[in-house]
Every structure is written in structure tokens, then in C-alpha cells.
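This briefing concerns a protein model and the ligand placed in it. Please consult the sequence and the structure while reading the points below.

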Amino acid sequence: MTTIRLVQGDITRESADAIVNAANSSLLGGGGVDGAIHRRGGPAILAECRKLRASRYGKGLPAGQAVATTAGELDARWVIHTVGPVWSATEDRSELLASCHREALRVADELGARTVAFPAISTGVYRWPIEDAARIAVETVRSAPTDVEEVRFVLFDERAYDAFARQLG
Ligand code: ADP
């Protein structure tokens with residue numbers, strides 16, 4: 001059984017086996033949570049991301065997939081980078097957002113991570129409505145076949161925290 005916990009705050013201040021990054025497909029950094037993770041985690045994370053771009057992910061990491069690097073100076077062993085879909089009003093991309101959560105947990109299982117912190121993927125620059133993102137995130141984690149013992153959603157603001165809290169009921 002995976003326990004789901006909610007925390008309001010900055011994910012780069014969390015202690016966990018793995019911290020999930022809402023990356024962009026370039027893997028070379030960006031704004032929002034991605035920028036914060038690279039700033040606090042230091043250059044070792046970007047160095048590994050560059051190596052991934054030079055090898056397995058020459059064209060970048062596709063949306064819905066996940067890959068791990070060192071966590072650098074963060075209080076974690078790994079950062080698991082996943083690329084959320086950009087919200088679309090005309091196309092249902094929910095399966096890609098679910099896939100981000102499933103794939104991050106699959107990578108966590110491969111690594112042997114037992115505690116995993118997630119941000120609210122796609123709900124910033126990628127504009128996914130928070131209520132719907134919270135529903136997809138919680139439903140996917142609840143139904144994922146994983147050995148991860150604790151999934152901690154770390155929500156930056158109260159609105160996001162409240163949306164996740166409503167899903168947990
Ligand atoms: P995306 O491109 O997937 O939308 P963003 O980083 O723009 O990614 O936003 C994803 C979510 O992460 C948003 O809800 C945003 O408020 C939140 N966020 C931004 N910085 C942090 C942080 N340091 N810790 C936790 N969540 C953060």
C-alpha cells in the first residue's frame with residue numbers, strides 16, 4: 001500500500017529518496033519547479049541531463065516519460081525528471097499526465113526508492129486546471145502497481161494544496 005501525503009511548500013526543501021521534476025523535454029532546465037530544482041540541486045543535475053541528451057534522449061524526453069539523475073545537493077538520492085503535457089482545451093491529453101505519474105513511480109521502483117515527492121505536474125506554465133490535475137495525479141498513484149511506500153505531493157500554494165486535499169477526501 002502506498003500512503004499519499006500532502007505538504008504545502010517548496011519541493012526543493014523536502015527530504016525524500018526521489019524528488020520528481022516537472023521538466024521540459026529539453027531536459028536542460030526551465031522555469032517554475034524545474035528552475036528551482038536545478039538552482040538548489042546545483043550543476044551535477046544539469047551535467048547528467050546533458051549526458052542523457054547526448055545518448056538515450058537525443059531528441060529530448062517525450063511527454064509522459066520519466067528518467068532519473070543524481071539529486072546533486074538536494075536532500076534526496078535521485079531526481080526523476082518527467083515531462084507533463086501542455087494543457088489543451090481541444091485535445092484530451094489526460095493519459096499523458098497519468099503516464100508521468102506511472103512512469104515516475106516505475107523509475108522509482110527500478111531505483112529502489114521508497115519515498116517520492118511530486119510537484120503538481122503541468123499545472124504551472126503548462127496551464128493544466130488544478131482540480132483536474134489533482135484528480136489525475138491522485139487516481140493514478142492510487143492505482144499504480146508500485147513498491148513506493150510514500151508519495152508526497154508538495155504543493156506550492158494553498159489553492160493547489162486544497163485541490164489535492166479534496167481528492168484525498
Ligand atoms: P509545468 O511546466 O509542468 O506546468 P511548472 O514548474 O510551471 O511546471 O509548474 C508546476 C507546478 O509546480 C505549479 O503548480 C507550480 O506552482 C509549482 N511549483 C513551482 N515552483 C515550485 C517549487 N519550488 N516547489 C513545488 N512546487 C513548485
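The model is predicted. The ligand sits in the largest pocket, whose volume is about 650 Å³. A total of 15 residues surround the ligand, and the protein buries 89% of the 560 Å² that the ligand exposes when taken alone.

**The pocket and its lining**

- The lining of the largest pocket comprises 29 residues.
- Nearest the centre of this pocket lie Gly 32, Val 33, Ala 120, Thr 123 and Gly 124.
- The greatest contribution to the lining comes from α1, with 4 residues.
- Classified by residue type, the lining has 15 nonpolar, 10 polar and 4 charged residues.

**The shell around the ligand**

- The residues closest to the ligand are Val 33, Ser 122, Thr 123, Gly 124 and Val 125.
- Helix α1 also supplies the largest share of this shell, namely 3 residues.
- By class, the shell consists of 9 nonpolar residues, 5 polar residues and 1 charged residue.

- In the side chain of Thr 123, an N or O atom lies 2.6 Å from an oxygen atom of the ligand.
- Thr 123 is also listed among the residues nearest the centre of the largest pocket and among those closest to the ligand.
- A polar backbone atom of Ile 11 is 2.9 Å from a nitrogen atom of the ligand.
- A polar backbone atom of Tyr 126 is 3.0 Å from an oxygen atom of the ligand.

Terms used:
Residues numbered from 1 in each chain as written. Predicted model: local features only at pLDDT ≥ 70, side-chain atom pairs only at ≥ 80, totals over all residues. Heavy atoms only, no water. 1 Å grid on protein atoms, 1.4 Å probe; cavity = no way out; pocket = protein on both sides within 12 Å on 5 of 7 lines; lining within 4 Å. Points joined across faces, edges and corners; volume = space filled by probe spheres on them. Helix = DSSP H or I, 4+ residues; strand = E, 2+ residues; numbered from the N terminus. Nonpolar A, V, L, I, M, F, W, Y, C, P; charged D, E, K, R; others polar. Near = heavy atom within 4 Å. Polar contact = N/O pair within 3.5 Å; in protein donor to acceptor, adjacent residues only side chain to side chain. Areas by Shrake-Rupley, 256 points an atom, 1.4 Å probe, with all protein chains shown as cover. Sits in = over half its atoms within 2 Å of the grid points.
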